[in-house]
Amino acid sequence: MTAKIWNIWNESGGPKYPHEKVIQFCFRRFYPEIRSETKVLDLGCGSGVHCIFLAREGFQVTGTDISEIGVANTKEKLSTLGLKADIYVEAADLLNFAPSTFDCVICIGVYDSAGYAVAKNSIPRVSEILKKGGCGFFLFASDRDFRVKGENPLGLHGYSQNEVEEIFGNTFSKVYIDRYITTYQNRTIEENDWLITVEK
């Protein structure tokens, strides 16, 4: 998905609330007393909902997104709330940071939008910029998800298990491959995401 499309999407301001799985992951993984020393990258931050959540919880936050409007929205919201974070316009497969910069990378709803080639190039960069012992948390559509079937106007890529294993399998010391499934209308509609947790 191009920056132009994401700019249009971010004109609405993006979601208001962080994803529940991001909240669970951060609260279980990082106790309050260590958050001020924990550097987190929100890869594909959109209009900043997770950057705001992380900054409020005391993390050292960096956010990147391909959308100039998304980045501008994030900066404006952070400023209005009196929160601090470093926010940059950057594609998911570039990540121009020094090796071993971050303790954690989160990436929500990005790789299904960016596509397989971007994800395959992005993951090695994520590994490089994570510190030893650092972790990553990824959520993106599987090939069973209703959003990637039929017309699929956004051109989302739903990942097969083989693709997930190929992208993540040999890059980290630990990889946990799970699914996050939500159904609607008597289970006739299924939102079926991959939920990937990694450790370097």
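Visitor: Which residue in S4 is the bridge partner of Leu41?

Guide: In this predicted model, the partner of Leu41 in S4 is Val105.

Visitor: What makes S1 and S4 a pair?

Guide: Pairing requires at least two bridges between two strands. Three bridges join S1 to S4 (residues 102–108), so the two count as paired. The strands S1 and S4 run parallel.

Visitor: How do you know that S1 and S2 pair?

Guide: By the criterion of at least two bridges. S1 and S2 (residues 60–65) have five bridges, in the parallel sense, and therefore qualify as a pair. Leu41 takes part here too, with Thr62 as its bridge partner in S2.

Visitor: Why is the crossover from S1 to S2 called right-handed?

Guide: The chain passes from S1 through helix H3 (residues 49–56) to S2. The term right-handed applies because, with the strands pointing away from the viewer, the path over the helix runs clockwise.

Visitor: What makes S1 mostly covered?

Guide: Four of the five residues of S1 (residues 39–43) are buried, which means that each of those four has under 20% relative accessible area.

Visitor: Why is Asn192 called buried?

Guide: Buried means under 20% relative accessible area. Asn192 has 0% relative accessibility, so Asn192 counts as buried. This residue is in strand S7 (residues 189–199).

Visitor: What makes the pairing of the Asn192 and Arg179 side chains a polar contact?

Guide: The cut-off for N or O atoms is within 3.5 Å. The side chains of Asn192 and Arg179 are 2.8 Å apart at this contact, so the distance meets the cut-off. Leaving aside neighbours within four places in sequence, Asn192 is also in contact with other residues, including Ala141, Asp145 and Tyr180.

Key:
Residues are numbered from 1 along each chain as its sequence is written. This is a predicted model: local features need pLDDT of at least 70, side-chain atom pairs count only at pLDDT 80 or more; totals for chains, interfaces and linings use all residues. Side-chain values use heavy atoms; hydrogens and water are left out. Buried means under 20% relative accessible area, exposed over 50%, partly exposed in between (1.4 Å probe, protein chains only). A polar contact is a pair of N or O atoms within 3.5 Å; within protein, one must be able to donate a hydrogen and the other to accept it, and residues adjacent in sequence count only if both atoms are side-chain atoms. Contact means heavy atoms within 4.5 Å.
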